[in-house]
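Thanks for coming. I will go through one model today, element by element, and give the cut-offs as the terms come up.

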Amino acid sequence: MLDNLGNLERTHSCGALRKEDVGKSVTLMGWVARRRDFGVLTFFDLRDREGITQVVFNGEDTGEAHAKAKDVRGEFVIAVTGRVVLRDDSSRNPKLSTGDVEVRASELYILNDARTLPFQLETAGSEGLASEDLRLKYRYLDLRRPQLQANLRLRHRVVTEIRRFMDAKGFTEIETPILIKSTPEGARDYIVPSRIQPGKFFALPQSPQLFKQICMIAGLDKYFQIARCFRDEDLRADRQPEFSQLDVELSFANTEQIYRLIEELFVNVFRLIGVEIKTPFPRHSYAEVMQRWGSDKPDLRIEGMELQDLSGPLQGTGFAPYEAVLSAGGDIRGVVVSGGAGTSRKVLDDLQEFAKRYGAGALAWIKLGDELSSSLLKALGEDTVKQLATTAKAQKGDAILIVAGKAKVVTASLGALRNEIARRENLVPEGAFAPLWVTEFPMFEHHEEDGRYYSMHHPFTSPIDEDLPLLVQAVEEGQEHLFGRIRARAYDAVINGVEVAGGSIRIHRRDIQNVVFKALGMSEENARERFGFFLDALAFGTPPHGGIASGIERLMMVLVPTDNIRDVMAFPKTASAADLMIDAPGEVDQRQLGELHLRVV
């Protein structure tokens, strides 16, 4: 039979008791993490969010409470009253903050029972980790794990510090609408049908972009928000269909102001985990990071392994595959793996399969062991292979991995290989943090699928001042090939290979905004239909302004650290955008569909 809590109050958490508390009468409440029965003695590990305390029932002293304890099982919710005593030296547990003491119980209240769990909490987080789908189905049980609770409590502290910092800097927190107009550009919108206006739809915001710019037009000067955002896109380990971001916008701002603001904020946030990060962050242009590291979010904790241009020694070799790549304007580049000469063929084959995921064809290799060996010896000859090794600045004992093809494919595959090799060889130092700013992103990127240019960030990003004439020329004269040369006043903050923030100086002039819309293939009518309200607003004295957004989950992934975004969210979705706990998305009954003037085809 279960007991009522009544007016009983707990005096301490399960992580609070220390040697200084010996002799005190205490009341603890929590879940039974573990039960051990030794006949006359029964031990419980009692858990709450603060930690674990060992509780002991002695049948010789408390017959009734001890008898009740025999009925308790794992995850029962109980309250115990008793006295704090010092453990024997032989039974102290240095792994617990409460490990020097235990509570000798005098009373036991069984507040609720529990079914047998579908997985064991004690092993969910080590090698015995239950499947993620099972844990997501029973997320309320998974969240009892100390590591996930610690992650969520750190998240709370991070968000609290962000709000404190932004308030101290004079920013006003402003909530922007969740039900907005669909303006598809990039990721897909989540659509919400309107019952009041049949046939029309709201969209859930991918970001508060236009609203925060309108706040600047309204003269609010400094805006921020912990914004909820929604994107209907294919998921990855670092993406979710709904997520939170720190959203910031300020008037009369230049990039230096924004860099200083975010760097100072990150210094404060990282102090929450006892880490001091150095400022100012290094700055590298997009062109430089792609050339050196093959990624627009390079992990600078990995020393060396920069991409090397190997096209010079391969000119005129007569090797048909490489000749074709070079004549088509492609790249041939490599990375040097220090000490990699002993890499087995099996590992090289594995790395080739890995590179193929990023579009690479063959992965050529050179190993500078006691004897020179290479997959290119027969095709190129020993002299050319040696020249390639010299060009790559490889030393004896090293290996060189080479990819040829379109520039995007080469950089993407070698950049990913760099990270993969560092992971396999444990080349990333633990506890290190390497931030940087990536600047001067391209204004546009070309999609081969439909032959169109799209905004690399979003269509409200300003071009850098010296490239503005080139943009106007390219649009007025229809010279689309010039779009690839136009740089944007856009910037990303990257830490340990994770993009933790991204922003730009915005377009504040209506004429330039119209030019950008035209560059993206929008007619005046189409631009008016989608963004007319914003174009009108730009005509009423818009100040220069800029901003940035920092994904809370991405930042938390670096702080924890983890490579799975679901570890830092309370109720995440699966890779197929489903919530297994509540079985969503689900069907809607015909009456609701009828009210919305919808039917499922």
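Helices, meaning H or I runs of at least four residues, and strands, meaning E runs of at least two, are DSSP runs numbered from the N terminus. This is a predicted model, in which local features need pLDDT of at least 70 and side-chain atom pairs count only at pLDDT 80 or more, while totals for chains, interfaces and linings use all residues. Residues are numbered from 1 along each chain as its sequence is written, and side-chain values use heavy atoms, with hydrogens and water left out.

Let me start with a strand residue. Tyr453 is found in strand E19. Buried here means under 20% relative accessible area, exposed over 50%, and partly exposed in between, with a 1.4 Å probe and protein chains only. Tyr453 has a relative accessible area of 15%, so this residue is buried. Contact means heavy atoms within 4.5 Å. Leaving aside residues up to four places away in sequence, Tyr453 touches Phe444, Glu445, His446, Glu480, His481, Phe483, Gly484 and Leu520. As for Ala114, 339 residues away along the chain, its C-alpha atom is separated from that of Tyr453 by 58 Å.

Next, helix H13, residues 468–476. Which residues of H13 are buried? They are Leu468, Leu470, Leu471, Ala474 and Val475. These residues cover an arc of only 160° around the axis, so they sit on the same side of H13; the arc is that of the directions from the helix axis to the C-beta atoms. Pro469 and Glu476, on the other side of H13, are exposed. What do the buried residues of H13 pack against? Their partners are strand E18 (444–447) and helix H14 (510–519). After H13 comes Gly478, with a positive phi near 65°.

Now the aromatic rings. A pair of aromatic rings is described by the distance of the centres and the angle of the planes. Rings of Phe, Tyr and Trp (its six-membered ring) pair if their centres lie within 6.5 Å; planes under 30 degrees apart count as stacked, over 60 as edge-to-face, and the rest as tilted. By this rule there are 17 aromatic pairs. Among them is Phe319 with Tyr322, edge-to-face at 5.0 Å centre to centre and 85° between the planes. Tyr322 counts as buried, at 8% relative accessibility. Phe460 and Phe531 have ring centres 5.4 Å apart and planes at 80°, so this pair is edge-to-face. Phe460 lies in the loop between strand E19 (452–455) and H13, and Phe531 in helix H15 (residues 524–538), so the pair ties together parts 71 residues apart in sequence. Phe460 is buried at 6% relative accessibility, and Phe531 is buried at 1%. One aromatic cluster is formed by Tyr259, Phe281, Trp437 and Tyr491.

Last, the cavities. On a 1 Å grid over the protein atoms alone, a cavity is a set of points where a 1.4 Å probe fits but cannot get out, and lining residues have an atom within 4 Å of a point. Grid points are joined across faces, edges and corners, and a volume is the space filled by probe spheres set on the points. How many cavities of 30 Å³ or more are there? The count comes to two. The largest cavity has a volume of about 40 Å³, and its lining includes Leu136, Arg139, Phe571 and Asp579. The second largest cavity holds about 30 Å³, with Pro442, Met443, His457 and His458 among its lining residues.

Conventions
On a 1 Å grid over the protein atoms alone, a cavity is a set of points where a 1.4 Å probe fits but cannot get out, and a pocket is an open set with protein on both sides within 12 Å along at least five of seven lines; lining residues have an atom within 4 Å of a point.
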